[in-house]
Amino acid sequence: MKINALIVDDNFTDAQNIETILVNYKKLDFSTTIITKYNEELILKNDYDIYFLDIDIDDISGLDIANVIQNKKEDAIIIFVSIREDLVFETFKLNTLFFVRKQNINEDLINALNKLQNYFNDLNKTFIIEEIGKQILLKDILYFESSLNYLYVKTKTEEYKIRKTLKSIEGELKFNNFVKVNMSYLINFDNVDYLNGDSVMLKNGDIIPISVRNRQKVKKLYFEYLNRRCY
């Protein structure tokens, strides 16, 4: 599968370096385009599969460019390549897939590409709603909610009611970034907007409370999840 990649960096040498690493990475097949000045029309003109963005670009921030891209394409895959390590966690508020340090680009970018390959493999993982014989992509599930004898599956666009226990689902999905935050909710870290001390906000705006006994564990697991997307 050909992957169309857009590289946005006002330093052409840095952009070429990224391009060289992508083209020489044999596990994925990249077609690359380089833009060295911010041009919204050019950035949005083509439906790129992945975007590699610097943060400091002329008089605009790469964070703002990411917002422009995601306003058009909510599920856009964005990797920041920057010297601005101080902004790494700010980038993850924008649904960034990975952060690569320019000062360690050869190692970091290869690590990110290895993770990207796994990410593509995981995109088609599904959860089956046996009651109606429907498969749902795991990436689209926000959370599972247990209520009485039923389990509610909340996705980005739908809600399903099934007869399963939260415990059985937790065991089934424990290696797929799903974490139990209280007795009734199993959330998908991939769809978390931000984590507060006693609650988590999901990308649809739902706020899920974290039980006192789970707060330290959830915080630890979430930062481990974020760290897997760095460097």
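This note walks through a predicted model, point by point.

1. **Ground rules.** Residues are numbered from 1 along each chain as its sequence is written. In this predicted model, local features need pLDDT of at least 70, side-chain atom pairs count only at pLDDT 80 or more, totals for chains, interfaces and linings use all residues, and side-chain values use heavy atoms, with hydrogens and water left out.

2. **Overall shape.** The protein chain has seven helices and 17 strands (DSSP runs numbered from the N terminus: helices are H or I with at least four residues, strands are E with at least two). Its C-alpha atoms fill a box of roughly 60 × 35 × 30 Å along the principal axes. For 231 residues, a compact globule would have a radius of gyration near 17 Å, and the 19 Å of the protein chain agrees with that (the radius is taken over C-alpha atoms, and the globule rule is 2.2 Å times the number of residues to the power 0.38).

3. Of the 231 residues, 43% count as buried (buried means under 20% relative accessible area, exposed over 50%, partly exposed in between, with a 1.4 Å probe and protein chains only). Among contacts with a separation of 6 or more, 53% join residues 24 or more positions apart (a contact means heavy atoms within 4.5 Å).

4. Ile7 lies in strand S1 (residues 2-8) and counts as buried, because its relative accessibility is 0%. Leaving out residues up to four places away in sequence, Ile7 touches Ala15, Ile18, Glu19, Leu22, Thr32, Thr33, Ile34, Ile35 and Phe52. Ile7 and Phe80 are 73 residues apart along the chain, and their C-alpha atoms are separated by 9.8 Å.

5. **Two leucines in loops.** Leu87 sits in the loop between strand S6 (77-82) and helix H4 (88-91). With a relative accessible area of 17%, Leu87 is buried. Leu148, in the loop between S10 and S11, counts as exposed at 82% relative accessibility. Leu148 also has a positive phi of about 55°, although it is not a glycine.

6. **Helix H3.** Which residues of H3 are buried? They are Gly62, Leu63, Ile65, Ala66, Ile69 and Gln70. These residues lie on the same side of H3, because they cover an arc of only 155° around the axis (the arc is that of the directions from the helix axis to the C-beta atoms). On the face of H3 turned away from that buried side are the exposed residues Asn71 and Lys72.

7. **Helix H6.** In helix H6 (residues 166-173), Leu166, Ile169 and Leu173 are buried. Their arc around the axis is only 65°, so they are on the same side of H6. An α-helix has 3.6 residues a turn, so residues three or four places apart point the same way. The buried residues of H6 pack against strands S8 (126-129), S10 (141-147), S11 (150-155), S13 (178-180) and S14 (185-188).

8. **The largest pocket.** This pocket has a volume of about 950 Å³. On a 1 Å grid over the protein atoms alone, a pocket is an open set of points with protein on both sides within 12 Å along at least five of seven lines, a cavity is a set where a 1.4 Å probe fits but cannot get out, and lining residues have an atom within 4 Å of a point. Grid points are joined across faces, edges and corners, and a volume is the space filled by probe spheres set on the points. Of the 37 lining residues of the largest pocket, Leu97, Tyr119, Leu123, Asn177 and Asp190 are the closest to its centre. Helix H5 gives the largest share of the lining, five residues. By class, the lining has 18 nonpolar, seven polar and 12 charged residues (Ala, Val, Leu, Ile, Met, Phe, Trp, Tyr, Cys and Pro count as nonpolar, Asp, Glu, Lys and Arg as charged, and the others, Gly among them, as polar).

9. **The second largest pocket.** About 310 Å³ of space lies here. Its lining of 14 residues includes Gln70, Glu74, Leu94, Asn95 and Lys203, which lie nearest the centre. Helix H3 (residues 62-72) gives the most to this lining, with three residues.
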